[in-house]
Amino acid sequence: MEINKREDGGVNIIALTGRLDLANGGLLKEEISNLLKEEKATIHLNLGQVEFINSSGLGALVSIMKEIRLQKGRLTISDLADYVREIFDITQLSHIFEIFSSEEEALNSYQMVGAK
Amino acid sequence: MEQITFKYSSVIENEGRMYNDVKSFLAKNDIPENMRFNILLAVSEAFTNALTHANMFDKNKLIEIFLAVNKESVFADILDEGDADPESLANKRHKPTPYEEGGRGVDLIDKLADEVTWSRRKNKRGIVVSMTFSKAKFIKKEISL
């Protein structure tokens, strides 16, 4: 799995490419943990290039979300392929994550929150 | 009937190899893409259970995957060398709350496969998870699109 990081308007954007499974879920958790150590708890995950996700990958995302919330940060997700979205729905995870159809839409939501 | 068997030692690096092997076999046999994803996911869940809970990352223990395809269905057997009790696994109908990090694997297998059985291996330690996936509903879906 490839993990590409950048920052836009105070939001840490992570774009994932490849499979999000047992091995790669661990790598992603490590990456997020490093950001949280630097007190960067405003994180957006672009899953547009994720070709496969299983329950281990979903578990990693739940773990990440809980860590971010503990630090009073925010996690958003976007660009889910149809079959990835379906797995979020089957497992009811779509109810607990903030999911946007595009990265742009997700980033706009941060500006709206910041403007309040 | 097209069929193939893959064998992997129980190390995490084989997770990716297994994914590529199963994906290639399904593509080679013209399995519709939406069905391919469901099979890959269910097989991956059974493989992860075998790797972590049954074989406990013991590199000397094998995980075998048998795949077969005929006109109507795709069949997948995942065999481990662990000590799990197949009856307890078959009855493990844990429905995790969304905030739980684990415990979704067996539930997903149940939802994705049309038939699932959990049984003890004959003359050998370990269990077999046997799954059947019917092509009919996916072919109908593709035609209606």
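This is a predicted model: local features need pLDDT of at least 70, side-chain atom pairs count only at pLDDT 80 or more; totals for chains, interfaces and linings use all residues.
Contact here means heavy atoms within 4.5 Å. Thr91(A) sits in the loop between α3 and β5 (98-100) of chain A. Is this threonine buried or exposed? Its relative accessibility is 11%, and since the cut-off for buried is under 20%, Thr91(A) counts as buried. Its side chain also has a polar atom 3.3 Å from the backbone oxygen of Phe88(A).

**Where the chains meet**

Zooming out, the contact draws on 23 residues of chain A and 22 residues of chain B.

Nine residue pairs, both at pLDDT 80 or more, are in polar contact between chain A and chain B. On the chain A side, α1 (22-37), β3 (42-53), α2 (55-70) and α3 (82-90) each put at least two residues against chain B. The largest share comes from α2(A), with eight residues. Sorted by class, the side of chain A that touches chain B has 11 nonpolar, seven polar and five charged residues.

Salt bridges between chain A and chain B number two. In one of them, Lys23(B) pairs with Glu51(A) through their side chains, at 3.0 Å from N to O.

Here are the two quoted atom-to-atom distances side by side:

| Pair | Atoms | Distance |
|---|---|---|
| Lys23(B) and Glu51(A) | N to O, side chains | 3.0 Å |
| Thr91(A) and Phe88(A) | side-chain polar atom to backbone oxygen | 3.3 Å |

In soluble globular proteins, nonpolar side chains tend to be buried together. The largest nonpolar core in this model has 66 residues, and the members that touch the most others are Leu45(A), Phe88(A), Phe97(A) and Met131(B). Helix α2 (residues 33-54) of chain B gives the most to this core, namely 11 residues.

Which residues does Phe97(A) touch, not counting those up to four places away in sequence? The list is Leu61(A), Val62(A), Met65(A), Leu75(A), Ile77(A) and Phe88(A).

Definitions and conventions. Residues are numbered from 1 along each chain as its sequence is written. Chains are lettered from A and ligands numbered from 1 in the order in which they are written. Side-chain values use heavy atoms; hydrogens and water are left out. A salt bridge is a side-chain nitrogen of Lys or Arg within 4 Å of a carboxyl oxygen of Asp or Glu. A polar contact is a pair of N or O atoms within 3.5 Å; within protein, one must be able to donate a hydrogen and the other to accept it, and residues adjacent in sequence count only if both atoms are side-chain atoms. Helices (H or I, at least four residues) and strands (E, at least two) are DSSP runs, numbered from the N terminus. Ala, Val, Leu, Ile, Met, Phe, Trp, Tyr, Cys and Pro count as nonpolar, Asp, Glu, Lys and Arg as charged, and the others, Gly among them, as polar. A nonpolar core is a set of buried Ala, Val, Leu, Ile, Met, Phe, Trp, Tyr and Cys residues joined through side-chain atoms within 4.5 Å. Buried means under 20% relative accessible area, exposed over 50%, partly exposed in between (1.4 Å probe, protein chains only).
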